[in-house]
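Subject: Structure handover

Hi,

Here is the structure I promised. Please open it first, then read the notes below.

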Amino acid sequence: MMALLKRDLAIATRSGGAAMLGVLFFLAVVAVIPFGIGPDLNLLSRIGPAILWIGALLASLLGLDRLFQADREDGSLDMLVMQDWFGLVATVFVKCLAHWLATGLPLVLAAPLLGLLMNMSATSTGAVMLTLVAGTPAISFIGAVGAAIAVALPRGGLLVSILILPLAIPILIFGVSASYAAVTDPDPFLPPFMILSAIALFFAALGPVAAAAALKGASD
Amino acid sequence: MFWTGSPPFLAVRSGDRMRATATKLKGRRGDSVLFDDISFSVGRGEALVVTGPNGAGKSTLLRMLAGLLAADSGSFTLQGDDGADLPVAEFAHYLGHRNAMKRELRVSENLSFWQRFQRPEDGQGLSVDAAIEAVGLSGVAHLPFGYLSAGQQRRIALARLLVARRPLWLLDEPTAALDSRSDRLFADLVHAHLAEGGLAIAATHQPLGLDRVIPLELTGIHRAATGAGEVW
């Protein structure tokens, strides 16, 4: 399984890989907001965490449909599916992990830079980074289900996003509310953050199993 | 584990009971029945060669055997030397139309990935370099897979079967894109595999030059799924 992690990371970082695509999209989305909103620093810092979270969510969804489709196109997916049930679930889990390391982690690391653009305080930026660390893996894990369902469709990208978005909304809500709670005084930070972490753990357990079932059923 | 003797997979002829058996397999695409009532049994050192016109269901049959498609009815089992059922997915190599290699990665990276991913627990199989050598392509190991020609890519895909040793080979048009010299090389590889006690089921029109070939011809008569009766 380490071999699979290494392979997927190598593919994501080589030319044409998905790693840079997501983070560039994130930069583009967030960087144009200040120009659109105008130089109202108070407004920017107030909406900053939400904008960063929305940007990260969309960037995470961007390359998701390729998660299994690339393997399907070159025939590797047949070998991945030709395993016992536990092996297949573990394979999907590892692929999600690799996907997060290649596309989710760079978003977390790019957040402080974009926090500056949005005139966010250090605390606020830190809170966004922390919630992104907990929240973006959840998007990868539940996204795998959509990617597995749409694997046989030639242009499944939009379908994956539509399938996943309702499930990703709770992640967004609790991610943003935890980020705000860190800077607005009476609100406690911990409860929404704990719920966000719980969602991430739940999706990490459920996503690979559901995706594995979809892959087993989708073979043609 | 079913391999109890010391040199497991290579110590063949003594047990000689590993068999791949299909009983009354039925496959369909949409509403038309591609084949029905397919039964065969392949033992160690034997090859089943599936022939038939385009669209006769050769690929469907092989994907069914690999467990990638559910059979309409019937079953396919692989029995070990001790008579116990083995999971086909872990004891069979499937080589489909596509090569299962990443264009972005080097040939050696591709093969060593599959070696680590597919090698059975007792770790039998050639080293990556030896496998590349065996398909006659030494010197390409450092190139990205996408740089190779179609025929070379196919030969590297064949090398995957060598880096992780599995007893049953399921080959779907394995010689597509190969020139006649590579055809012979491929026939030799299958020959060696069978001589070591392997089993092979191949959809190919290429004469393999083997002595123990079981022919299976799919006629490709498509019938409505409702109509019962013999198809081939």
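A residue counts as buried here if 20 or more other C-beta atoms lie within 10 Å of its own. By that cut-off, 49% of the 220 residues of chain A are buried. Keep in mind that this is a predicted model.

**Chain A overall**

Chain A has nine helices and zero strands. From the N terminus on, the order is α-α-α-α-α-α-α-α-α. Its radius of gyration is 18 Å, close to the 17 Å that the globule rule gives for 220 residues, so chain A is as compact as a globular protein of that length. The C-alpha trace spans about 55 × 35 × 30 Å along its principal axes. Take the contacts in chain A between residues at least 6 apart in sequence: 80% of them join residues at least 24 apart.

**One helix pair**

Look at α3 (residues 41–62) and α7 (residues 122–149) of chain A. Their axes come within 10 Å and cross at roughly 25°. That angle is under 35 degrees, so α3(A) is roughly parallel to α7(A). The crossing is right-handed. On the α3(A) side, the residues in contact include A:L52, A:A56 and A:L57. On the α7(A) side, A:V128, A:L132 and A:I139 are among them. By class, this contact has eight nonpolar, six polar and no charged residues.

**Where chain A touches chain B**

The contact takes 17 residues from chain A and 21 residues from chain B. On chain A, α1 (2–13) and α5 (76–81) each supply at least two residues. α1(A) gives the most, with five residues. The chain A side divides into seven nonpolar, five polar and five charged residues.

Best wishes

Methods. Residues numbered from 1 in each chain as written. Chains lettered and ligands numbered in written order. Predicted model: local features only at pLDDT ≥ 70, side-chain atom pairs only at ≥ 80, totals over all residues. Axes fitted to C-alpha atoms, helices over the stretch in contact; angles between N-to-C directions. Helix = DSSP H or I, 4+ residues; strand = E, 2+ residues; numbered from the N terminus. Parallel < 35°, antiparallel > 145°, perpendicular 65-115°, else oblique. Left-handed = near helix turned anticlockwise from the far one by under 90°. Contact = placed C-beta atoms within 7 Å. Nonpolar A, V, L, I, M, F, W, Y, C, P; charged D, E, K, R; others polar. Rg over C-alpha atoms; globule rule 2.2 N^0.38 Å. Buried ≥ 20, exposed ≤ 12 C-beta atoms within 10 Å, placed from the backbone.
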